[in-house]
Amino acid sequence: MSLPAYAGPGERIWYYSFRFFCGLVFLFLILPIIVIIPLSFNAEPYFSFSEGMLRLDPDAYSLRWYLDILTNGMSDRNAPFGWAWIADSWNNAQWLHSMRNSFFIAFVSTILATVFGTLAALGLSQSDMPYRNLIMSLLIAPMIVPLIITAAALFFFLSDLSLSQTYTGIIIAHAVLGVPFVVITVTATLVGFDRSLMRAGANMGANPRTVFFKIVMPLITPGMISGALFAFITSFDEVVAVIFLAGFEQRTIPRQMWSGLREQISPTILAVATIMVTLSIILLTVLELLRRRSERLRGIKPQ
Amino acid sequence: MTDTSIQPSDLLETDDGVSLKAKLARATRRNKLRALGLVAPLGIFLIIGFLWPIGAMLLRSVHAPDFGEIMYRTAALMEDWDGEGIPDEAIFTAVVADLTQAKEDKTIGRAATRFNFSFPGTRSVFTRTGRKINTLTEGPYTEGLIEINDAWGNHEFWLNFQRLVKPFTTRFYLNSVDYQVGENNEIVRQPEERQIYVRLFIRTLIMSAIITGFCILLGYPVSYLLATLPLRYSNLLMILVLLPFWTSLLVRTTSWITLLQKEGVLNDIVVGLGLVSDENRLQMMFNATGTTIAMVHILLPFMILPLFSVMKTIPPSYMRAARSMGANQFTAFRRVYIPQTLPGVGAGSILVFILSIGFYITPALVGGQSGQLISNIIAYHMQRSLNWGLAAALATILLLGVLFLYWLYNKIVGVDNMKFG
């Protein structure tokens, strides 16, 4: 959409102000995420740029908040660096503990959500599926129902089963919340799926299992992985259910950030946030690569 | 093939002698079963892990058997009380027996809390009576109880007692729309200072509408730009939309706290530019403004992505055709382009609206008093005041609203068409 040669001055002004406005919106979208990155290297315990930082004085920058992630909660944070220090940090540092929890919970709930979700998406894409719309609406519902309602409901339910404040409880909750994303992405992959490939396979003597593993699986794998990534990030980000269901032992990164923001606000949170932004950049890249691969596999040419 | 003609499948037979029609029907049935079988594991998982818990919680909004169970002897007698004056000695005897047992079971506190929700200020009646209940060794208990606390001689107290021992109730719904049961069992408005929920619902709706409006305002031009730019540029710019979408909600809320707080980056900038003096730093956080800004940022990608996917499908030749027929840029845009994007606007708006009326985290962190939404009060009643019945009633109302919007979304867009990125 470039400016045509015959554009008048009014159109010119309109064109440039439109671009300017869009530029502002993009800034609005990205700046808040970028701004925390330099702030996380602040040498001072504040949430704003010090004069030294603006002068790019190296002394105004430090890694102390990253070190704090490793040391906060250690039994002896001033001990000399060595194996004992690493063991102490690994076992006692609060942030490391919640990172381990986050990854563990996200990993297990992603597997649950992906297996259930992919099977269901395969069923939903069959042409003979009865009550398709109704079932689809049910499967998407956990994404739509306000989190606070799901979290409160699961709190009562899991308490009755004495599963609140356990990993099992949180994993169930996160699997429920992750399922819609897997169903949506895998269903979207299957929409463009050429069913004659399955028939061709069967025609050449493959049994249904072989057809599934040799033909269907490779084609839907990109969709499955991006669904799994969505489920993973959903669990990794989720905090409302964790607030209701987790005890101290099960706290995750977002839970720790939540209490950090409400109680003792420290730039360590910015350091953690920077790490999380890096993680989302990695995930975004993986997704983009998967999308391209899927397009290539299905013979869609990039425009 | 018309209805009157004979279907070939009626006549044809497969090699094992079954008519083709029956064979086809059987194959269809088998396919249906297979499809259902594939969906079944997830269906069962969601019914047990999602639908059932939600149903059970919603039931709490009408079902509160706690008090009646603790005071079960009194509850049995209470049914026959005519509601005049105060009850007779038999009921007072039952109260003493119930409270004595409740003291042993350590359930007096729970009964007191339940009672206090529907009749504020009466918590101590139960706890104090409980402490002295062992001194009442013999009757008449009526005088004994009234002596410990004169609330036991209060007609209104007893009316409330009678309502509370019933397991099913509508009082939570009445409370959640700022009504209560008055002295003579009639429905009256809550006193002025306790009318908070209707206002909160309205505020939630208005703020969600404002946030949705801002998202359209900011999202529409950007989506248009993304949809019309050559792919190599738009792919790059798309990252600026997708990165926030993929970044943790808490990280983004943290960023906004960093930016908006009094000693924060934005205030530093305006003070540095000399627009505002150092003493008059702007209060941008802990109010509705902060919540709105942060939530627009968080929800904007949910507007841009559906808009973009609709705009992408609109052929640019339509606009050129309109212009070649004499419409100016503005008319062509208004009469040809915008109508085609309305499904995208609808999808994005409903999605943003649904998500924002259920928002909890961001309002809790940057909202302060005036930026709280209905979810926050539900969380408050769940965790702090422990008035679970009221929390459930508020949640039910919220859920009904959301389900209505979801139904609307389904009508307009169809859940099958939901996509990410």
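**Figure 1. How chain B splits into domains.** Domain bounds here come from an automatic or database domain assignment. In this predicted model, that puts residues 18–51 of chain B in domain 1, residues 66–164 in domain 2 and residues 197–417 in domain 3. Pick the C-alpha centres of domain 2 and domain 3 of chain B, and you'll find 51 Å between them.

**Figure 2. Where chain B meets chain A.** On the chain B side, 91 residues are in contact with 87 residues of chain A. Helix α2 of chain B, residues 20–59, supplies the largest share of the side that touches chain A, at 20 residues. Sort that side of chain B by residue type and you get 64 nonpolar, 17 polar and 10 charged.

**Figure 3. Polar pairs across the same interface.** For the interface of chain B and chain A, the salt-bridge count is zero. Polar contacts do turn up: five residue pairs make them across the interface of chain B and chain A, with both partners at pLDDT 80 or more.

**Figure 4. Helix α3 of chain A and its cover.** This view zooms in on residues 64–71 of chain A, where the buried residues are A:Trp65, A:Tyr66, A:Asp68, A:Ile69 and A:Thr71. What sits over these buried residues? The cover includes three helices of chain A, namely α4 (83–92), α5 (94–124) and α13 (268–297). Look just past the end of α3 in chain A for A:Gly73, which takes a positive phi of about 105 degrees.

**Figure 5. B:Asp66 and its partner B:Arg110.** Over all chains, the salt bridges come to four. One of the pairs is B:Asp66 with B:Arg110, whose closest N and O atoms are 3.1 Å apart. B:Asp66 belongs to helix α3 of chain B (residues 66–70) and B:Arg110 to helix α6 of chain B (residues 108–118), so this pair ties together parts 44 residues apart in sequence. B:Asp66 counts as buried because its relative accessibility of 19% falls under the 20% cut-off. B:Arg110 has a relative accessible area of 42%, so B:Arg110 is partly exposed.

**Figure 6. B:Asp66 again, this time with B:Arg114.** The side chains of B:Asp66 and B:Arg114 also meet in a salt bridge, at 3.5 Å from N to O. Here too the link runs from helix α3 of chain B, which holds B:Asp66, to helix α6 of chain B, which holds B:Arg114, and the two residues are 48 residues apart. Is B:Arg114 buried or exposed? Its relative accessibility is 17%, so B:Arg114 counts as buried.

Figure 7. B:Arg73 pairs with B:Asp98 in a salt bridge, and the closest N and O atoms are 2.9 Å apart. Again, distant parts of the chain are linked: B:Arg73 lies in helix α4 of chain B (residues 72–78) and B:Asp98 in helix α5 of chain B (residues 89–105), 25 residues apart. B:Arg73 comes out as partly exposed, at 30% relative accessibility. B:Asp98, by contrast, is buried, with a relative accessible area of 0%. For the network itself, go back to B:Asp66, B:Arg110 and B:Arg114, which are joined into one network by salt bridges that share partners.

Key: Residues numbered from 1 in each chain as written. Chains lettered and ligands numbered in written order. Predicted model: local features only at pLDDT ≥ 70, side-chain atom pairs only at ≥ 80, totals over all residues. Heavy atoms only, no water. Contact = heavy atoms within 4.5 Å. Polar contact = N/O pair within 3.5 Å; in protein donor to acceptor, adjacent residues only side chain to side chain. Helix = DSSP H or I, 4+ residues; strand = E, 2+ residues; numbered from the N terminus. Nonpolar A, V, L, I, M, F, W, Y, C, P; charged D, E, K, R; others polar. Buried < 20%, exposed > 50% of the residue type's maximum accessible area, 1.4 Å probe, protein only.
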